[in-house]
Amino acid sequence: DGDSNRLAQLEILCKQLYETTDTTTRLQAEKALVEFTNSPDCLSKCQLLLERGSSSYSQLLAATCLSKLVSRTSNPLPLEQRVDIRNYVLNYLATRPKLAAFVTQALIQLYARITKLGWFDCQKEDYVFRNVIVDVTRFLQDSVEHCIIGVTILSQLTNEINQADTTHPLTKHRKIASSFRDSSLFDIFTLSCNLLKQASGKNLNLNDESQHGLLMQLLKLAHNCLNFDFIGTSTDESSDDLCTVQIPTSWRSAFLDSSTLQLFFDLYHSIPPSLSPLVLSCLVQIASVRRSLFNNAERAKFLSHLVDGVKRILENPQSLSDPNNYHEFCRLLARLKSNYQLGELVKVENYPEVIRLIANFTVTSLQHWEFAPNSVHYLLSLWQRLAASVPYVKATEPHMLETYTPEVTKAYITSRLESVHIILRDGLEDPLDDAGLVQQQLDQLSTIGRCEYEKTCALLVQLFDQSAQSYQELLQSTNSSSMDIAVQEGRLTWLVYIIGAVIGGRVSFASTDEQDAMDGELVCRVLQLMNLTDSRLAQAGNEKLELAMLSFFEQFRKIYIGDQVQKSSKLYRRLSEVLGLNDETMVLSVFIGKIITNLKYWGQCEPITSKTLHSVRKLVKLSAVQFMLNNHTSEHFSFLGVNNQSNLSDMRCRTTFYTALGRLLMVDLGEDEDQFEQFMLPLTAAFEAVAQMFSTNTFNEQEAKRTLVGLVRDLRGIAFAFNAKTSFMMLFDWIYPSYMPILQRAIELWYHVPACTTPVLKLMAELVHNRSQRLQFDVSSPNGILLFRETSKMITTYGNRILTLGEVPKDQVYALKLKGISICFSMLKAVLSGNYVNFGVFRLYGDDALDNALQTFIKLLLSIPHSDLLDYPKLSQSYYSLLEVLTQDHMNFIASLEPHVVMYILSSISEGLTALDTMVCTGCCSSLDHIVTYLFKQLSRSTKKRAAPMAQESDRFLHIMQQHPEMIQQMLSTVLNIIIFEDCRNQWSMSRPLLGLILLNEKYFADLRNGIVNSQPPEKQQAMHLCFENLMEGIERNLLTKNRDRFTQNLSVFRREVNDSMKNSTYGVNSNDMMS
């Protein structure tokens, strides 16, 4: 029969999709199956596949297709069908416990999705999708396999409800999650604990795979319950620092009863190490229960059980040799301090013994640095928090940290130094390469090391002197091996980082003269080492050691340079005795000398150059700075060179360098044109060189590209820094008209090479940007118009050429095409809103510059699919801010566009209204407001008696809008829904277009209002109706400012009242008891 044939075809396609290694076959299969998903009889076919399909793949396909069907937001499946699918899935799972694991998984996912999305659906007064525990009970009373399925269903459901998805609004997700939390979650958690108690009471035969599987699923379920986002705060999974679990008050009983805590500690000791990380993860969550769940006595009791459990693990550390267990246990230790105070910990009965065990565990962990390096963070964070609270602890019981903290400091420092030799010898990965990780550990150490600071300093001085002496001897000896030198450089690198960190940990109110003198000892040593390494740079240098020096300088500057430091500080006394540096100006000169040395010798090394340039910005007016202003050429600063750079995108640091130089130059420039010309000489020479190349037919293209890209990057740095009229005008006269044609020519030649066009377009966008009103031309100057002509020319040249590229693969479309277009949009926006061009002039004198630019904008826009406009953040920001300017000042142009273009722009606004980026959303509101106001004006003008004849374009625009009322109506509905139901961050912006939308669609607004009122529970409808009445109270039928302001005020009252009304109803989020 036909069914069997179709079935056989589908089975073959599934096999091709999941098994074939040939890409074309797989893509064809994928295409066919997408058509299958979209076909009207997909539902019945899926049932057929599940009933009669012979392979697991066809069952998987059916399950995933059904998931898509139940999740779609447009034309959703009717309630009866979804209830049928749910019941069918449950029966299917119950009758076939031996399905392939991935099929079971997909079907459970389908059940969870249906349940979540239908959570608020009612049939005859009954919430049909909420009886989850009943659904699962029949599985739990059957075989072990069935039990596993039942527990997995609950686990997957908890997870599904906890995770927001992108297709449905966040408020709907929170509503479902809160309702699930209040109605079912505690029962599910209690069930998981009871089943775990039963399981641990039996003699577990964990060699039996199914028993092992059941225990694992139960632990996952308990963890999912404890990991639930109870009050909607943790939007981001990755941040581990949300150390408080917001358990609802109704769960108190489970935590006051110590047997819950005991259950997990007992499980840890009785089950195999492969499962214990899950137990520890649960304990981490339990240890982090919010403090306000308990009163003080209850909290002390809970903490003492917790500390006992930790002590027992430390006394029997066998399972901790497993890295996953070890990692979770370190997280558990960190929670002891993040959630409890030192004053509470010291009162626990076995505190002295426990702190000793923890210190030993930490020291051992640090010494075995190669084992689980990512877990060290948690141990250090525990000690950092302990050390930080020493000054504040009021308890009389001893905390003993003065004994143990120095041991931790010492273990960290010595173990890092000892690792250097082994890493070099065995070619292991060097932790110093991971700057983020090192920075994080040093931040923690800066607090730990300041505890008993004398001991820290003595240790650092001793270790530093040993290494520095060996290093010097190795350098002077003729036959020392490069390996030995590398080891000492590595040790010194760590020491310089660590010294920087402990100096950065100085807190002014807690610091003593003795400690400042000790800082002086450390600083002297680093500066002496720097003199030694700098003297060798001509032969050799060590990049990591240089980066450590820069990090040290940054910390030193933060603490000891600036207005808040007393100049008599003991530190400077030591520096002047040893190095003759009497005050901060002398130290600053050392810094600047270092900056110049770095730029000179490390020009090719991007990390050092960019970090060094970061320091330049903070320093001005020293002789060394003057040297830079007069000698910024490649012979002094190799990164400005052209010949030896490998690729074009490596020149980014040049913009930073010239921004810094530009700012330094501006300090004393004033109106001195000679000084400016002098400064620009190297750039003038470069432009002349490019012009020379362009004038011949044959030139070395690589060299031309390099020179030009370097040059425009330098110029953009200067243009960015020159934000005053006098200096910017010098720059403008220097570049226009002489060098503009070269930039235009570059765009013509290399439009398809983003490494060339991006810097040129960015320079142009910077030049037309009227930053701090720097672009003010004299009354008799045509420069504003001429500058716009150049802009228009560049946009048109680039736009028309980039559109000839044809199909670009998806993964390259941003780099090759959209990035350039995005910069063109920003450039056009800057010039249109710069306020230095009168745009009416162009049509008046028959100049097509404005038209060309706007037409190119439309061509470029139509070549971009809507989804891309919102998927690439920089593109969406530049597009929507340009649109805002166009609708504000060039509405006649928008009105004259073809209907399909108008619809494209309107739907882009409609989609942008719900964007996550507030800037985009605000821009859309503003554009929509301009369009609605324009329409309203045109409509009221056409009804007046002596109406002036309407311009042709506005007539056409009105016509388009009257043919497609649904467009504007949909936006009215969107804006209203966001204001009523969502967490609306930019209420003022949203209110501006709303009044116009309502006045243009009064009948539709009335229907919307009635729909919203009727969706409320009966006892609330009157109140909601009143809210809407008050919203329009005193509002007239015009869009004058006074009327708009009144509406905006009414709206904020309206939103507050509506929210209050819904909060107290079952319809809204009932989270009132959350924190009670």
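A crossing of two helices is called left-handed if the near helix is turned anticlockwise from the far one by less than a right angle. Keep that in mind as you work through this predicted model.

**Exercise 1.** Find how the axes of helices α4 and α6 are arranged, and which residues make the contact.

*Solution.*
1. Locate the helices: α4 covers residues 56–71 and α6 covers residues 101–117.
2. Look at their axes, which come within 9 Å and cross at roughly 15 degrees.
3. Angles under 35 degrees count as roughly parallel, so α4 is roughly parallel to α6.
4. Now take the handedness: α4 passes α6 in a left-handed crossing.
5. On the α4 side, the contact is made by Ser56, Tyr57, Gln59, Leu60, Ala63, Leu66, Ser67, Val70 and Ser71. Facing them from α6 are Phe102, Val103, Ala106, Leu107, Leu110, Arg113, Ile114 and Leu117.
6. Sort these residues by class, and you get twelve nonpolar, four polar and one charged.

**Exercise 2.** Describe the second largest pocket: what is its volume, and which elements line it?

*Solution.*
1. Start with the space inside, which is about 620 Å³.
2. Next, turn to the lining of 23 residues; Ala765, His769, Ile823, Ser826 and Ser878 lie nearest the pocket's centre.
3. Trace the elements that give two or more residues to this lining: α31 (701–721), α34 (754–767), α36 (813–832) and α40 (873–889).
4. Pick out α36, which provides the largest share, seven residues.
5. Finish with the classes: the lining has six nonpolar, ten polar and seven charged residues.

Definitions and conventions. Residues are numbered from 1 along each chain as its sequence is written. This is a predicted model: local features need pLDDT of at least 70, side-chain atom pairs count only at pLDDT 80 or more; totals for chains, interfaces and linings use all residues. Side-chain values use heavy atoms; hydrogens and water are left out. Axes are lines fitted to C-alpha atoms, for helices over the stretch in contact, and angles run from 0 to 180 degrees between N-to-C directions. Helices (H or I, at least four residues) and strands (E, at least two) are DSSP runs, numbered from the N terminus. Angles under 35 degrees count as roughly parallel, over 145 as roughly antiparallel, 65 to 115 as roughly perpendicular and the rest as oblique. Contact means heavy atoms within 4.5 Å. Ala, Val, Leu, Ile, Met, Phe, Trp, Tyr, Cys and Pro count as nonpolar, Asp, Glu, Lys and Arg as charged, and the others, Gly among them, as polar. On a 1 Å grid over the protein atoms alone, a cavity is a set of points where a 1.4 Å probe fits but cannot get out, and a pocket is an open set with protein on both sides within 12 Å along at least five of seven lines; lining residues have an atom within 4 Å of a point. Grid points are joined across faces, edges and corners, and a volume is the space filled by probe spheres set on the points.
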